[in-house]
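Biologist: Please pick one part of this fold and give me a close look at it. I would like to hear how that part sits among its neighbours.

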Amino acid sequence: WFVTMAANRTLNALRSNPIKISTAVNEILCRYSKQGSGNAGIRAFLKEQAPAIQYHNPHVTVRRQIKRAGKAQLIVNGSELMVAHDVKSEGLIEAINNQFPIEA
């Protein structure tokens, strides 16, 4: 019973937060270190927005790669889109949509 309630809450949260990504985007790779204040935005992106991206955009694969140290990177379709150090999670979505506009 509790599992069903939790699953319903998760599904409702995903449905209520639609994040659309261009069909030109196939893969998003988030490369970051577990420690360091400059990596908080990319960690929040993976926790809060990546599930919604994958739910609403089945063509997009979101992966994470943890490194020992250094600045966070957002890599889209194999090319670095930006150094994501000290960037809030909403800024990462904005950067993806600016680089790959959603088709009308």
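Modeller: Happy to! Let's start with a facing pair: Cys30 has Leu74 of strand S3 across from it. Strands here are DSSP runs of E with at least two residues, helices are runs of H or I with at least four, and both are numbered from the N terminus. Keep in mind that this is a predicted model, where local features need pLDDT of at least 70 and side-chain atom pairs count only at pLDDT 80 or more, while totals for chains, interfaces and linings use all residues. Residues are numbered from 1 along each chain as its sequence is written, and side-chain values use heavy atoms, leaving out hydrogens and water.

Spanning residues 73-76, S3 pairs antiparallel with S1 (residues 27-32) through four bridges; strands count as paired if DSSP finds at least two bridges between them. Another facing pair puts Arg31 opposite Gln73 of S3. Gln73 also has a bridge partner in S4, namely Val83, and S3 and S4 run antiparallel, joined by four bridges. Strands of a sheet pair through backbone hydrogen bonds, in a parallel or an antiparallel sense.

As for the side chains of S3, Gln73 and Ile75 point one way, Leu74 and Val76 point the other way, and all are buried (under 20% relative accessible area with a 1.4 Å probe, protein chains only; exposed is over 50%, and partly exposed lies in between).

Now step back to the whole sheet. Its four strands form an open sheet in the order S2-S1-S3-S4, with mixed pairing. At the edges are S2 (61-66) and S4 (79-83), each pairing on one side only. Neighbouring strands are turned by 20° against each other on average, ignoring direction. Helix H2 (residues 40-56) packs on this sheet, touching S1, S2 and S3, and its direction makes about 165° with that of S1. Contact means heavy atoms within 4.5 Å, and the angles, from 0 to 180 degrees, are between N-to-C directions of axes fitted to C-alpha atoms, for helices over the stretch in contact. Helix H3 (residues 89-99) lies across S1, S3 and S4, at about 135° to S4.

Asn77 is not a glycine, and it is partly exposed, with a relative accessible area of 31%. Further on, in the loop between S4 and H3, sits Asp86, also a non-glycine residue with a positive phi, near 60°. Asp86 is exposed, at 59% relative accessible area.
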